[in-house]
Amino acid sequence: GHKHIPKLTRYNNLNIFSSGSFSSLLNVSENQGDNTFHIIKLKNNLGSSHLRGIVKTWVYSLKDGWKIP
């Protein structure tokens, strides 16, 4: 099997957002972290190879449920 471990990492100059599974409470308790959900809006300026964007994140904890941190 595989795990959905909520974290932000950087690999070969690439940002990687990982979200935990919506329905997995075991995932939260095993990793002592909160599940996360992201909405990422990217904008590309014409003529540029650079992307800019906004990340909105929600965090789930057993105590509080889904919230924006």
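**View 1. Ser61 meets Gly65.** The bridge partner of Ser61 is Gly65 in strand E5. Strands here are DSSP runs (E, at least two residues), numbered from the N terminus. Tyr60 also has a partner in E5, namely Trp66. The model is predicted: local features need pLDDT of at least 70, side-chain atom pairs count only at pLDDT 80 or more, and totals for chains, interfaces and linings use all residues. Residues are numbered from 1 along each chain as its sequence is written, and side-chain values use heavy atoms, with hydrogens and water left out.

**View 2. E4 and E5 form a hairpin.** Three residues link E4 to E5 in this hairpin. Strand E4 covers residues 51–61 and pairs with E5 in the antiparallel sense over three bridges. Two strands count as paired if DSSP finds at least two bridges between them.

**View 3. E3 and E4 form a hairpin.** Six residues lie between E3 and E4 in this hairpin. In the turn, Gly47 has a positive phi of about 85°. The strands E3 and E4 run antiparallel and are joined by 10 bridges. Lys43 stands opposite Arg52 in E4.

**View 4. The sheet has three strands.** The sheet is open, with the order E3-E4-E5 and antiparallel pairing. Strands E3 (35–44) and E5 (65–67) stand at the edges. Each has a single partner strand, so one side of each is left without a neighbour in the sheet. Neighbouring strands of this sheet are turned by 20° against each other on average, direction ignored. The axes behind such angles are lines fitted to C-alpha atoms, and angles run from 0 to 180 degrees between N-to-C directions.

How values were computed:
Helix = DSSP H or I, 4+ residues; strand = E, 2+ residues; numbered from the N terminus.
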